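Please read these notes with the model open beside you.

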Amino acid sequence: MLIHEDRLLPADPATRAVARRLYDTVKALPIISPHGHTDPSWYAENQPFPNPAQLFVVPDHYVFRMLYSQGVRLEDLGVPTVDGAAVETDPRAIWRRFAGHYHLFRGTPTRMWLDHAFATLFDLDQRLSAVTADLYYDRIAERLARPDYRPRALFDRFNIEVIATTESPLDELRHHRTIRESGWAGRVITAYRPDPVVDPDFAGFVANIDALGTLTGCDVTTFSGYLEAHRARRAFFKAHGATSTDHGHPTALTADLGPVEAEALYHVVRTGRATASEAELFRAQMLTEMAAMSLDDGLVMQIHPGSMRNHNPALLARFGRDKGADIPTRTDYVHALKPLLDRFGNERDLSIILFTLDETAYSRELAPLAGHYPALKLGPAWWFYDSPEGMRRYRELVTETAGFYNTVGFNDDTRAFPSIPARHDVARRVDCGYLAELVMTHRLDEDEAQELAHDLAYGLAKAAYRL
Amino acid sequence: MLIHEDRLLPADPATRAVARRLYDTVKALPIISPHGHTDPSWYAENQPFPNPAQLFVVPDHYVFRMLYSQGVRLEDLGVPTVDGAAVETDPRAIWRRFAGHYHLFRGTPTRMWLDHAFATLFDLDQRLSAVTADLYYDRIAERLARPDYRPRALFDRFNIEVIATTESPLDELRHHRTIRESGWAGRVITAYRPDPVVDPDFAGFVANIDALGTLTGCDVTTFSGYLEAHRARRAFFKAHGATSTDHGHPTALTADLGPVEAEALYHVVRTGRATASEAELFRAQMLTEMAAMSLDDGLVMQIHPGSMRNHNPALLARFGRDKGADIPTRTDYVHALKPLLDRFGNERDLSIILFTLDETAYSRELAPLAGHYPALKLGPAWWFYDSPEGMRRYRELVTETAGFYNTVGFNDDTRAFPSIPARHDVARRVDCGYLAELVMTHRLDEDEAQELAHDLAYGLAKAAYRL
Amino acid sequence: MLIHEDRLLPADPATRAVARRLYDTVKALPIISPHGHTDPSWYAENQPFPNPAQLFVVPDHYVFRMLYSQGVRLEDLGVPTVDGAAVETDPRAIWRRFAGHYHLFRGTPTRMWLDHAFATLFDLDQRLSAVTADLYYDRIAERLARPDYRPRALFDRFNIEVIATTESPLDELRHHRTIRESGWAGRVITAYRPDPVVDPDFAGFVANIDALGTLTGCDVTTFSGYLEAHRARRAFFKAHGATSTDHGHPTALTADLGPVEAEALYHVVRTGRATASEAELFRAQMLTEMAAMSLDDGLVMQIHPGSMRNHNPALLARFGRDKGADIPTRTDYVHALKPLLDRFGNERDLSIILFTLDETAYSRELAPLAGHYPALKLGPAWWFYDSPEGMRRYRELVTETAGFYNTVGFNDDTRAFPSIPARHDVARRVDCGYLAELVMTHRLDEDEAQELAHDLAYGLAKAAYRL
């Protein structure tokens with residue numbers, strides 16, 4: 001049996017019994033997925049997933065970074081190269097390599113997500129290994145060919161009430177339009193991710209702004225025209241269901257420059273020759289500008305700082321971005337957010353959701369900030385911390401200072417579609433286990449825990465993201 | 001039932017049994033409260049507390065910051081404005097707003113402290129909510145009018161052996177004199193908190209030093225006269241029971257300047273126009289000067305660094321200091337304390353108690369420092385970490401390197417009088433739970449745990465603060 | 001009874017049963033000790049240890065730093081002074097002082113290690129205290145005089161399969177030669193620790209390089225000659241069994257200078273008048289040079305950064321290095337290692353083992369780095385964290401991101417010979433407890449945990465250090 005019905009619930013029998021009661025009331029709740037990176041073309045085109053390797057291995061940096069760290073070449077896993085140099089194309093060969101190294105994932109959330117999908121979607125009950133590789137491959141391949149394994153069928157089966165994807169301002173949201181016009185009832189919305197036109201270090205930044213001008217008809221030669229173009233695209237995204245924006249900056253720095261300074265800085269970054277500190281200042285200023293726009297149009301603002309992207313230059317050159325070489329760094333919030341908070345922190349109608357990859361900030365900075373400023377809330381444990389221990393530390397470090405109601409429930413943040421139910425299930429189990437311990441130690445009554453379990457699994461995400 | 005007799009004890013039955021045995025031997029010990037911020041006029045004048053809102057809501061930044069973070073206006077909670085602009089004056093209306101939002105405190109220590117007071121002082125046994133708001137209000141108001149709910153009666157009921165308040169060097173300690181002269185047996189002592197005359201960024205710093213000169217008759221136009229004035233006030237405080245000093249600096253920086261440099265720096269800060277780094281250097285130098293004086297007069301020195309005060313300028317302008325907008329920052333000790341330690345770290349007769357709001361420093365810096373230097377000890381988990389998880393992490397991060405005997409027991413650090421028994425009770429329960437786990441995992445024998453439980457609840461604080 | 005057979009296993013009965021089953025399969029495995037600081041002359045000369053104080057107190061900075069922190073003078077513990085000033089010479093008097101303060105070690109790993117040695121080596125079953133001091137002293141002294149308590153007999157009794165010591169490049173490895181030529185079967189190898197000739201801040205650095213030139217016949221007036229001398233000494237060490245190098249730098253900084261720059265920097269540091277930043281840059285450059293050599297000669301590279309050595313100048317002047325005054329500092333890896341990783345991070349034949357004294361780096365930096373780069377692995381919890389809670393946090397913070405197979409098992413890093421079995425036993429127990437909780441929460445099957453318990457206790461260290 002790959003997954004146990006009591007997995008992740010506390011070991012102590014009495015505590016497990018409470019956790020079990022809580023979990024039973026939330027396990028079947030619909031999934032609210034307000035932040036993620038699934039591909040909208042899946043839902044628009046509803047084509048079958050090609051094969052087991054393309055579904056589980058080739059696109060998932062959680063999976064191949066671990067194999068790579070233990071000496072498996074990315075070429076041998078079929079990861080495409082930037083220059084089109086040949087890589088493994090046989091999906092069964094890729095799958096066998098993956099299966100032969102499956103023990104590397106022991107103790108990791110990746111293992112739990114995969115086993116959950118193997119068991120619940122593909123009715124597999126033996127452990128994946130070199131021995132069972134072909135059994136797995138054949139079973140998964142056979143199922144993927146069936147109509148009830150196409151994206152929309154899985155969407156329904158996963159009980160997804162709403163899912164957000166993430167698009168660039170330059171995206172025309174064609175897939176979202178197709179979905180809407182198709183008459184299919186699934187709710188797939190977009191989110192506004194302006195990094196390509198906000199971050200001077202983003203590849204193609206100058207051309208991206210030109211394209212933004214063309215797309216909107218705004219005069220992007222001036223800062224005010226550029227801001228106007230953002231407003232236009234935000235309205236367009238909102239018309240396609242967006243309720244939020246998303247900002248993946250290297251730091252949490254914000255700024256609040258005067259109009260003259262801001263205009264001058266814009267002209268510098270527009271040249272494509274900004275220094276590192278000018279680029280940082282422009283990103284900082286744009287967070288504050290985006291907060292101002294959010295106050296107007298009601299889009300919830302998400303700040304995801306602290307990842308040093310593309311730490312491995314040789315890998316970047318050969319395979320491109322998002323290949324498991326983004327490494328977290330120490331992240332300051334108290335000083336970095338102050339300019340933005342000085343201007344908007346007391347706004348009760350603004351909602352800014354903060355994430356971190358630096359767990360030290362939870363109890364020291366983020367919980368005290370969110371436990372004070374009306375405009376701030378805390379996003380869930382993210383990325384490397386989307387894991388049982390990560391979630392547990394999150395609750396232990398955050399709750400005593402910020403409470404539960406300055407947090408926003410769970411989001412999966414994934415591009416791995418079959419992992420979505422598993423990820424939400426892990427969060428529900430870990431949260432119920434945490435609540436059960438509060439009940440067992442008489443810090444909370446069970447009826448309160450019941451209410452909280454529902455809020456953490458469903459209600460808070462829906463409210464925080466205005467869904 | 002609001003509070004359970006086994007609250008906060010470990011869930012595992014065998015571990016709980018050990019914890020229970022330990023706790024039973026310390027639960028009734030007198031309270032040693034060597035550091036806090038209760039108002040000495042309460043004990044001097046012994047007037048009734050005015051009403052439930054003024055007792056529990058209006059003055060407690062733990063309470064109103066949480067309500068504020070969720071959109072409740074401070075005006076609606078009766079928090080007074082700096083300019084006297086009108087705020088809510090109806091205590092029952094304030095109380096109802098508080099009660100209606102009581103669920104926000106789920107999982108927080110504030111909730112535990114409040115429930116403890118509600119249950120033990122006011123015999124309430126239903127949960128506070130919008131529904132029970134008036135029941136609570138009436139019960140509390142009725143009791144507060146009784147003579148046995150006046151401050152001195154509560155002091156006795158709380159079984160407080162000694163409590164320290166905190167005063168500025170400019171304070172004439174009138175209330176402490178009144179207490180002493182009243183013949184009341186309660187032991188209320190002061191502590192020397194020189195920030196107003198040591199921190200160039202403190203409001204009124206220059207005038208404060210002038211006042212210090214007037215008060216002491218010392219020539220505060222020179223650094224040596226200024227130091228002499230400190231010595232005089234420390235002696236005055238000591239005569240009023242003080243056994244400690246307290247230093248609330250933004251960082252832990254210390255310095256050890258030569259006399260010429262120090263004198264020159266003093267003249268710069270005396271102008272009221274010191275730069276940020278000059279102000280920081282002066283505070284740093286004064287920590288070392290205070291350590292020198294402590295070596296002479298035996299006052300225990302407490303350093304409470306790492307809070308960025310008044311992070312929210314709009315709130316500061318409207319409501320003043322201490323309104324829940326002080327946010328912790330990353331704090332270095334290893335480099336910062338070195339100048340002071342180079343001079344005094346090996347002194348066995350000096351006692352410096354270090355606190356932190358940056359938990360990362362416990363295992364990395366503070367425990368190794370306290371586990372080596374004779375002059376250093378570690379204060380308990382503080383402020384946001386005066387909480388079950390905070391205390392637990394403190395023990396887990398500190399004990400293996402510094403042991404128990406380089407720590408100083410618990411202090412409540414509170415201005416919320418009715419929370420004092422609850423806070424000490426939480427610490428006793430958490431410590432007994434921690435000790436019980438050491439016993440259960442055979443890292444400690446139960447007779448040793450027994451002795452330690454007593455030390456942590458009572459003995460260490462008394463010894464460390466020389467009480 | 002000083003040690004309990006279930007010590008350190010989880011308190012929950014069902015979890016303990018699993019942990020017990022796991023532990024029973026690994027408790028008797030031979031000890032692989034790939035990194036430590038025992039004295040090779042012990043094994044070479046096989047002389048009796050002189051007395052209880054010289055065995056347990058005088059040379060162990062874990063022990064005397066704690067006593068010192070509580071006011072015991074190092075002179076009274078027999079710690080020798082630099083200038084030969086008189087210190088206590090009566091071992092029984094030293095032992096009694098130690099015994100009288102033994103309660104200070106409650107809750108520390110030192111206590112567990114000592115009790116383990118007292119019980120298993122000396123058949124003591126009462127707790128050490130002032131009362132039992134003489135009983136202990138006599139028993140231990142009596143046993144130390146027996147042939148089966150000589151170093152080689154203990155080595156066999158401890159079931160050590162291989163132990164590494166650590167030597168300077170200037171060491172002629174005389175003791176290692178003696179051991180080898182003696183015909184004794186014990187495997188004692190060396191490790192290459194070049195700090196004395198790599199760190200410009202090391203005492204005698206310039207003269208050390210001169211000596212290196214003399215020893216190797218290389219022309220150390222040029223950087224390339226100096227590197228050649230390293231290569232020669234590494235080969236010499238390798239011939240004496242070395243499989244690893246060890247680098248104890250204050251930070252993890254690496255650099256990758258061009259040859260002209262590197263040569264110029266070498267000439268600066270050779271003058272003995274390098275600035276702090278030049279010294280730091282030279283150490284940084286040398287880590288990259290050492291990685292290059294490791295790629296050639298196959299020696300595994302260990303980086304142990306983050307200790308600020310000799311924090312207490314008065315103590316250093318009186319008693320010398322390694323007296324318990326080395327204090328950890330915040331340590332960055334993401335930026336610091338980048339130059340080295342840019343050049344060698346993707347090498348599958350290079351093995352760099354990273355250690356830390358800054359636990360915040362585990363989940364934020366080290367696990368993500370080791371979970372990506374083929375050249376990187378993570379060393380075990382080290383020094384202050386060679387402890388039950390430290391090891392536990394290590395597993396919780398590392399496993400979910402890096403898995404188990406990017407870690408390298410346990411090493412004891414000790415100079416306290418009798419503590420070696422205790423330290424490995426603690427690691428085996430804590431790891432089995434951690435694995436048991438994964439089993440109980442169904443994150444791992446028990447047969448996998450079984451396999452992992454063996455790997456963590458034995459297999460990973462052997463493989464990672466190429467033993």
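1. Contact here means heavy atoms within 4.5 Å. By that rule, chain C gives 45 residues and chain A gives 49 residues to the contact between them. The model is predicted, so local features need pLDDT of at least 70 and side-chain atom pairs count only at pLDDT 80 or more, while totals for chains, interfaces and linings use all residues. Residues are numbered from 1 along each chain as its sequence is written, chains are lettered from A and ligands numbered from 1 in the order in which they are written, and side-chain values use heavy atoms, with hydrogens and water left out.

2. Chain C and chain A bury about 4000 Å² between them, buried area being the accessible area (1.4 Å probe) that two parts lose on being put together, summed over both. Carbon and sulfur atoms give 51% of it. On the chain C side, C:Arg364, C:His372 and C:Glu400 lose the most area to chain A, together 19% of what that side buries.

3. There are 8 salt bridges between chain C and chain A (a side-chain nitrogen of Lys or Arg within 4 Å of a carboxyl oxygen of Asp or Glu). One of them joins A:Arg111 to C:Glu448, with the closest N and O atoms 2.9 Å apart. Which helices of chain C each supply at least two residues of the side that touches chain A? They are H16 (338-344), H17 (360-370), H18 (388-402), H19 (420-440) and H20 (446-464), helices being DSSP runs (H or I, at least four residues) and strands likewise (E, at least two), numbered from the N terminus. H17(C) gives the largest share, 7 residues.

4. Between chain B and chain C, the contact takes 45 residues from chain B and 49 residues from chain C. The buried area is about 4000 Å², 51% of it on carbon and sulfur atoms. B:Arg364, B:His372 and B:Glu400 supply 19% of the area that chain B buries there, more than any other three residues. The salt bridges number 8, including B:Arg443 with C:Glu389, whose closest N and O atoms are 3.1 Å apart.

5. Chain B also holds an open sheet of 3 strands in the order E1-E2-E3, with parallel pairing (two strands pair if DSSP finds at least two bridges between them). E1 (31-33) and E3 (188-189) of chain B each have a single partner strand, so one side of each is left without a neighbour in the sheet. E2 (residues 160-164) of chain B is joined to E3(B) by 2 bridges, and B:Ile163 has B:Val188 as its bridge partner in E3(B).
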